[in-house]
Amino acid sequence: MTLLPALFSHYRRHPLQLLALALMIVVATALWTGVSHLTSQARTSLGQSERAVVERDQVERTDGQPITVSDFVLLRRSGHCVMPWLEVERPGVAGRVVGIDPLAASCFAGPEAQDGAWDQPLDGRPFLDIEEAVALADESGSSRSTLSLLVADASADLPAAYRVTPFSLGPETGELGASFLLNLDALAVLVLLITALLLRSVYQLGLAQRRESFALLRRFGVPPAAVQRALMLEIVLLAALCVVPGVALGRLLAGALGGGFGQALDNLFDVPLYAGQGAGWFKPALTMVAVVAGVCLVDQLRPAWRSVFTAAAGQRPKLALVTLLAGLALAFVSPWLGLTFVAIALVFAGTGLLAPGLIGGLARHWARGAEDPLSRWQWSELGVLARRLALPLVALQFALAMVLAVQALVTVFEATFDDWLSQRLAAAYFIEVPAGADTKAAADWLASESPIAGSGQWHRVVRGAATLPAAASAPEQAVDLFALAPVSTMLTAWRFQAATDEPWLQFAEGRGVMVNEQLARRRHLSVGDTLTVILSGQSQTLPVLAIYPDYGRPAGEVLVNAEHLPTSFTPEFESVSVSPGAVDLDRVTSGLKRLWQVEALTVRDNARVRALADAVFDQTFLLTRAMTVVTLVLAATSLLIMGWVFFTTRVWYYRLLAVWGMGQREVAGQLVRLSVTLTMSIAALALPLGVWLTWALVHRINPLAFGWSLPMAVYPEFWLELAGLSLVIGLSIAVLMRRQLIQPAAVPVSANARSGGER
């Protein structure tokens with residue numbers, strides 16, 4: 001018999017162990033490949049999409065008539081690169097969809113776009129083909145649809161009947177999406193860590209059961225080095241065979257989850273999300289082979305290194321505590337993003353080293369204090385389980401903590417994004433001020449003669465640029481200028497991170513400015529500090545009245561009263577925000593048209609912008625929830641497999657309970673108490689780790705990466721869901737243990753001859 005068949009004979013005797021190891025490698029590879037593939041592509045898509053929306057222009061008719069599909073056909077046949085953007089409001093709760101032409105969009109992508117990139121069908125969440133959108137618009141009526149015609153080149157020589165004007169979808173969301181994807185990347189790394197622990201636990205159990213085979217091979221003259229090389233070859237071959245289908249499944253997972261996600265976040269005018277899906281096989285495959293080989297072959301280190309690790313095993317509790325405290329301290333004071341990730345890794349390492357020992361130590365303490373022999377046995381056996389199932393328990397702890405953090409993160413992102421949009425899109429409509437129009441005359445008309453005069457439901461919006469002079473802690477800096485006037489009732493609902501008493505009253509009187517969080521962090525500004533702003537060469541020094549959150553934008557911003565802008569200031573963009581309520585919007589727009597002497601106005605329905613943005617982020621959050629569910633299923637399945645294999649070796653021991661006089665029902669009850677206590681204990685230890693991870697994601701990673709923080713929130717009702725899940729896992733293990741009691745089992749020759757023989 002050769003060496004390799006002798007080694008592989010273990011898996012002939014235990015085929016389920018080989019199947020469990022292979023399935024875990026495949027599932028882990030699929031999960032990590034899918035998440036990393038989708039997030040990396042989505043990050044590129046987000047950046048391109050944001051630039052496309054910001055820089056895009058649209059075509060309008062010079063006669064003031066609305067753009068139609070016929071205009072699109074005419075311009076496309078004339079050779080112009082234009083693409084329709086048809087928003088259709090479907091009746092009932094179906095919501096809004098956007099019709100686009102994938103073929104027309106290809107000219108926006110440039111020569112690097114791949115042929116056939118838009119061959120995959122659009123799925124209506126929220127984008128669909130322009131032909132279907134037109135049919136829906138005809139069914140719903142023209143009043144329920146809006147068509148815009150985007151143009152790639154603002155300097156295009158269009159026919160005389162057309163002109164080019166700016167096109168915008170509303171507040172920028174690229175940074176908010178990039179922030180979400182950064183946190184998702186951090187959690188994907190945690191998935192790799194959980195996978196490594198699970199693979200290590202299953203492989204270690206197999207090694208423990210093969211010790212007698214290794215000893216027998218040595219008696220037959222096989223050198224230990226040859227056995228080690230054969231084991232290395234075995235695990236590398238297994239990894240290589242399993243990661244290929246894992247990568248394939250991961251890409252299918254990305255495709256399944258990314259159907260709506262990709263269409264929603266896709267750069268509708270540049271390379272699509274899946275334009276590069278033909279590449280990217282080698283990196284995930286090589287990564288997973290390295291992870292599998294590394295965690296499984298760590299025991300093949302040089303004997304001198306192993307002796308060092310063995311000598312340090314007695315100091316593990318102290319080392320774990322020092323590692324945990326160092327990570328916590330570093331997370332609080334870290335000035336760099338990379339160092340913060342190191343701090344998170346230290347906290348997880350320290351927690352993972354402490355958790356099984358903590359459960360085992362408490363079990364031993366309670367066993368010594370128990371007077372009832374049965375209670376003493378229960379606590380002692382719990383300590384044995386905590387030691388023998390340490391790695392899968394720690395993996396389950398990390399998975400539960402990750403799921404808790406991701407759930408809190410997703411909920412915080414949803415709430416934050418909703419509040420942010422409500423704040424920026426408080427008005428029902430934005431009316432763009434035409435170039436050269438008299439905004440002062442329009443403001444006087446809106447305040448005194450318009451149908452909404454006196455309602456407080458309108459204000460001007462002025463966008464431009466300003467400069468902050470050099471200070472002791474910062475150089476001269478260009479910032480965005482955001483000016484509003486008058487202070488309408490739509491503004492007073494803004495939420496501030498910090499503010500003086502009645503900030504809007506002082507703002508209306510021109511006695512101060514407001515700044516966004518990004519600028520406050522960079523300039524170390526607090527409420528009450530004075531800030532000098534240079535506008536068109538004129539310097540104004542005013543106190544900071546409030547600091548407001550400004551999610552999704554990296555730039556610093558100063559909010560000033562538009563009525564106090566210098567007369568020489570040239571705005572980059574002006575609009576009027578109105579919420580007419582019961583008043584017909586046409587009465588307002590017709591009055592502005594007469595005042596400005598124009599035939600048409602650009603009016604943006606903010607409800608449409610809000611619905612589209614919500615649809616985009618709903619698809620994003622779907623990806624995250626799917627990732628957490630798959631990770632938790634992987635950890636729970638591994639614990640079930642480990643528990644089943646481990647208890648197979650201890651069936652004879654639990655049968656002694658029946659020998660001592662217990663009935664089958666009582667023995668089953670003891671097994672239920674053991675397994676449920678074990679899983680609920682690890683869930684209790686996962687809770688503080690999950691809350692801390694949530695804090696680290698929203699209060700440390702986000703500010704260091706993007707300059708703004710998210711609100712911290714925990715959701716105790718979700719804790720109950722995790723407790724219920726842990727209870728289900730514990731009961732499942734108990735069921736497997738009880739099934740083992742029914743089957744015959746031989747008593748080991750020695751109590752420690754097999755893994756699990758500890759008493």
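Tutor: A polar contact is a pair of N or O atoms within 3.5 Å; within protein, one must be able to donate a hydrogen and the other to accept it, and residues adjacent in sequence count only if both atoms are side-chain atoms. This is a predicted model, so local features need pLDDT of at least 70 and side-chain atom pairs pLDDT 80 or more, while totals for chains, interfaces and linings use all residues. Residues are numbered from 1 along each chain as its sequence is written, and side-chain values use heavy atoms, without hydrogens or water.

Student: How far is the backbone oxygen of tryptophan 336 from a polar atom of the side chain of threonine 340?

Tutor: Threonine 340 sits in helix α12, residues 337–369. Helices (H or I, at least four residues) and strands (E, at least two) are DSSP runs, numbered from the N terminus. From a polar atom of the threonine 340 side chain to the backbone oxygen of tryptophan 336 is 2.9 Å.

Student: What separates the C-alpha atoms of leucine 693 and alanine 401?

Tutor: Leucine 693 lies in helix α21, residues 664–706. Its relative accessible area is 3%, so leucine 693 is buried. Alanine 401 is 292 residues away along the chain, yet the C-alpha separation is 7.6 Å.

Student: Which residues of α20 are buried?

Tutor: Just after α20, glycine 661 takes a positive phi of about 115 degrees. Within α20 the buried residues are Val651, Trp652, Tyr653, Tyr654 and Leu657.

Student: What accessible area do Leu4, Phe8, Leu233 and Leu237 have together?

Tutor: Patches are made of residues with over 30% relative accessible area and no salt bridge: like charges are joined within 9 Å, nonpolar side chains (Val, Leu, Ile, Met, Phe, Trp, Tyr) within 5 Å. Accessible areas come from the Shrake-Rupley method with a 1.4 Å probe; for residues, only the protein chains shown count as cover. Helices α1 (3–13) and α8 (224–265) each supply at least two residues of this nonpolar patch. Together the four residues have about 310 Å².

Student: How many salt bridges does the structure hold?

Tutor: A salt bridge is a side-chain nitrogen of Lys or Arg within 4 Å of a carboxyl oxygen of Asp or Glu. One of them pairs arginine 163 with glutamate 60, at 3.6 Å between the closest N and O atoms. The structure's total is 7.

Student: How far apart in sequence are the parts that arginine 460 and glutamate 574 tie together?

Tutor: The two form a salt bridge, with the closest N and O atoms 3.7 Å apart. Arginine 460 lies in strand β8 (residues 458–468) and glutamate 574 in strand β15 (residues 573–578), so the parts tied together are apart in sequence by 114 residues.

Student: Is glutamate 557 buried or exposed?

Tutor: Glutamate 557 meets arginine 463 in a salt bridge, 2.6 Å from N to O. Arginine 463 is partly exposed, with a relative accessible area of 24%. Glutamate 557 has 0% relative accessibility, so it counts as buried.

Student: What is omega for the cis peptide bond joining alanine 485 and proline 486?

Tutor: Most residues other than glycine have a negative phi, and most peptide bonds are trans. Proline 486 sits in the loop between β9 (477–485) and β10 (498–499). The bond from alanine 485 to proline 486 is cis, and its omega is about -10 degrees.

Student: What is phi of histidine 524?

Tutor: Histidine 524 sits in the loop between α17 (517–523) and β12 (530–535). It is exposed, with a relative accessible area of 59%. Its phi is positive, although the residue is other than glycine: near 55 degrees.

Methods: Buried < 20%, exposed > 50% of the residue type's maximum accessible area, 1.4 Å probe, protein only.
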